Amino acid sequence: MRKLEAALRGQGLKGPPPIFLAGNVVEILFRREAARNKGMDGISHDIVAHVSPDVAAWSKLYGKPYLIRWLSEPRVVVFDPDSIREILSKQFDKFEKSEQQLEFVLDFIGAGLVGLNGNKWSHHRSVLSPAFHTQRLKAMLSSMTNCTEKLVEKWSRRVGHAKGLETEVEVQQDLKRLAADVISHTSFGSNYEKGERVFQGLTLLGVLLVRCFHNSWLPFFRYLPTKLNFQIWKLRREIDGTLLSLIRERRIAAAKLGERSSHPYGSDLLGLILEEGETGGKSVKFPEQAIVDECKTFYLAGHETSSSLLAWALLLLATHPDWQEKARAEVQQHFPNGVDDGETLSKLKVVGMIILETLRLYPAAGEMNRASSHDTVLSNGIKLPRGTGITIPILSLQHDPELWGPDANEFRPERFANGTTKACKHPNAFLGFSFGPRVCIGQGLAVMEAKVVLAMLLQNFSFRLSPNYRHNPTVQIVIQSFTGIQLLVQKI
Ligand code: HEM
């Protein structure tokens, strides 16, 4: 690693001085925590220096790109969209996720799509992709509307029906519950209650693993027989056991149904994966543990990301009443009687632009990491020896005035009127769902969910900002508001 770092510094890359074992991790966490504890003055979408103060300060001090050390891994923080396109797409086969980057993911959800590289990754991706095709997702519309209906009822009870009545609601927490409900239903259909138990277990596991991560510069800490580790191991066994029993029940039910049904395993995500894994004509069968790990992956990748998007979208609509009105008018035009048709969702252009602009200003994933798996040269001349870590600072890139113009920190959904590639000076500067072969596999599901939820909420309520709201976006797995999002909600 020392040789590798010397080779990077030899090319003129500079960065903050690392400390023994921890590299720059402690300073990054410390800076982010200090910003979070301080909060922001007023509502501004110019949030890079607040959410990623390390990136804002070090890119000014050391230039772009700059060099950090994550524990023992030297990482280049890359800002230039051409280099990012090479890493994610053009030279895709030369970049993967390093063991160090994946340690937490593998401990948490095992070897699913997010945590795999190489041939294993491409096998999983080809088995899973058909489950996310638009036509199959449309079958999930009623799951999404049913879950959202429960939230509409809950808020209606709280707000009351009389005209002019307005109540403060902390929407972020409720939207997290809604997104968990949606992912439980879309993943497990009628077995969603068992699915919910799994997801509650995963939430606790995440908390325990973060505690464990704080000691991760002690070598082998994860393997020591500590009380914390025993708790983690037990919980992991329970979660996997529940998922395995679900899979076996489905297999028995499918064997009974035989050819009498077009989707004998069920038409939720679990059923579709089982169907593809068993009968999709793939040469290598999908083992049970792989399915277990993919179910956990959907939860990790699809829960907090979706709720982050929804919560920020409501905040932005509450603070931009003109866009709230435009979006509501569009929803009322295309869905006069509730959200009842998956085909028509594609007509929600304004809502679609609002979703993209929300993800640009408040991307759920604030950064992505890779490592070079071969000695590689980027077209700007930077040599990346094998094993070099790479950070792509999505948040910073999506707020860069040089790419997005002087209004980069303003909410202007119309910039997406002609799609993501025409929204700014570089066709690949929007990274909300990433791009290239590892583009978010759940993008279609996430956008469909966001459209359904926003449409139903706009049909039923109007939103204004509560004076109790304090703007404090921060990274806690995803970018979310540290103290929730308080809105004044009125029934319409
Ligand atoms: C607003 C919601 C979402 C956002 C913003 C989002 C964003 C992203 C991003 C940026 C990546 C690339 C990460 C990387 O390469 O390091 C990704 C990958 C992924 N996402 Fe999403 N995601 C969302 C919803 C979902 C949903 C609902 C699911 C599934 C149910 C999902 C499943 C995945 C998976 C499995 C990957 C890994 C793909 C691979 O490596 O082949 N995501 N997502």
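Reader: Which residues does Phe95 touch, not counting residues up to four places away in sequence?

Author: Please keep in mind throughout that this is a predicted model. Phe95 touches Glu86, Ile87, Arg370, Ala371, Ser372, Ser373, Thr376, Leu378, Leu384 and Ile390, with residues up to four places away in sequence left out of the count. Phe95 is found in strand β3, residues 95-96.

Reader: Is Phe95 buried or exposed?

Author: The general idea is that burial is judged from relative accessible area, and buried means under 20%. Phe95 has 5% relative accessibility, so Phe95 counts as buried. As for distance, 274 residues along the chain separate Phe95 from Asn369, while their C-alpha atoms are separated by 9.8 Å.

Reader: How far apart in space are Arg2 and Trp121, C-alpha to C-alpha?

Author: They are 30 Å apart in space and 119 residues apart in sequence. Arg2 is found in helix α1, residues 2-9, and at 59% relative accessibility it counts as exposed. Leu257 has its place in helix α12, and its relative accessible area of 33% makes Leu257 partly exposed.

Reader: What else in helix α12 may be examined?

Author: Asp240 also lies in helix α12, which comprises residues 227-257. Asp240 has a relative accessible area of 15% and is therefore buried. Neighbours within four places in sequence aside, Asp240 is in contact with Gln289, Val292 and Lys296.

Reader: Which residues touch the most other members of the largest nonpolar core?

Author: The general idea comes before the case. In soluble globular proteins, nonpolar side chains tend to be buried together. Here the largest nonpolar core has 147 residues, and Leu175 and Leu457 touch the most other members. Helix α20, residues 443-460, gives the most to this core, with 11 residues. Leu175 touches Leu457 itself, together with Leu151, Ser307, Leu310, Ala311, Leu314 and Val453, not counting residues up to four places away in sequence.

Reader: Which residues lie nearest the centre of the second largest pocket?

Author: Leu345, Ser346, Val447, Met448 and Lys451 lie nearest its centre, among the 22 residues that line the second largest pocket. The elements giving two or more residues to this lining are α8 (134-138), α17 (349-361) and α20. About 530 Å³ of space lies in the second largest pocket.

Reader: How many nonpolar, polar and charged residues does the lining of the second largest pocket have?

Author: By class, the lining has 12 nonpolar, six polar and four charged residues.

Reader: Which residue does UniProt list for "binding site"?

Author: An annotation is taken from a record and may be inferred rather than shown by experiment. In this case the unreviewed UniProt entry lists Cys440 under "binding site". Cys440 is found in the loop between α19 (401-404) and α20.

Reader: Which residues does Cys440 touch, not counting residues up to four places away in sequence?

Author: Cys440 touches Arg125 and Phe433, under that condition. At 33% relative accessibility, Cys440 counts as partly exposed.

Reader: How should I read the backbone angles?

Author: Most residues other than glycine have a negative phi, and most peptide bonds are trans. In this model, phi of Leu21 is near 65 degrees, a positive value in a residue other than glycine. Leu21 has its place in the loop between α1 and α2 (25-38), and at 42% relative accessibility it counts as partly exposed. Ile477 likewise has a positive phi, near 65 degrees.

Reader: Where is Ile477 found, and is Ile477 buried or exposed?

Author: Ile477 is found in the loop between β10 (473-476) and β11 (478-481). The relative accessible area of Ile477 is 62%, so Ile477 is exposed.

Reader: Which residues does a cis peptide bond join?

Author: A cis peptide bond joins Lys64 and Pro65, and omega is about -5 degrees. Pro65 has its place in the loop between α4 (53-62) and β1 (66-70).

How values were computed:
Residues are numbered from 1 along each chain as its sequence is written. This is a predicted model: local features need pLDDT of at least 70, side-chain atom pairs count only at pLDDT 80 or more; totals for chains, interfaces and linings use all residues. Side-chain values use heavy atoms; hydrogens and water are left out. A nonpolar core is a set of buried Ala, Val, Leu, Ile, Met, Phe, Trp, Tyr and Cys residues joined through side-chain atoms within 4.5 Å. Buried means under 20% relative accessible area, exposed over 50%, partly exposed in between (1.4 Å probe, protein chains only). Helices (H or I, at least four residues) and strands (E, at least two) are DSSP runs, numbered from the N terminus. Contact means heavy atoms within 4.5 Å. On a 1 Å grid over the protein atoms alone, a cavity is a set of points where a 1.4 Å probe fits but cannot get out, and a pocket is an open set with protein on both sides within 12 Å along at least five of seven lines; lining residues have an atom within 4 Å of a point. Grid points are joined across faces, edges and corners, and a volume is the space filled by probe spheres set on the points. Ala, Val, Leu, Ile, Met, Phe, Trp, Tyr, Cys and Pro count as nonpolar, Asp, Glu, Lys and Arg as charged, and the others, Gly among them, as polar.
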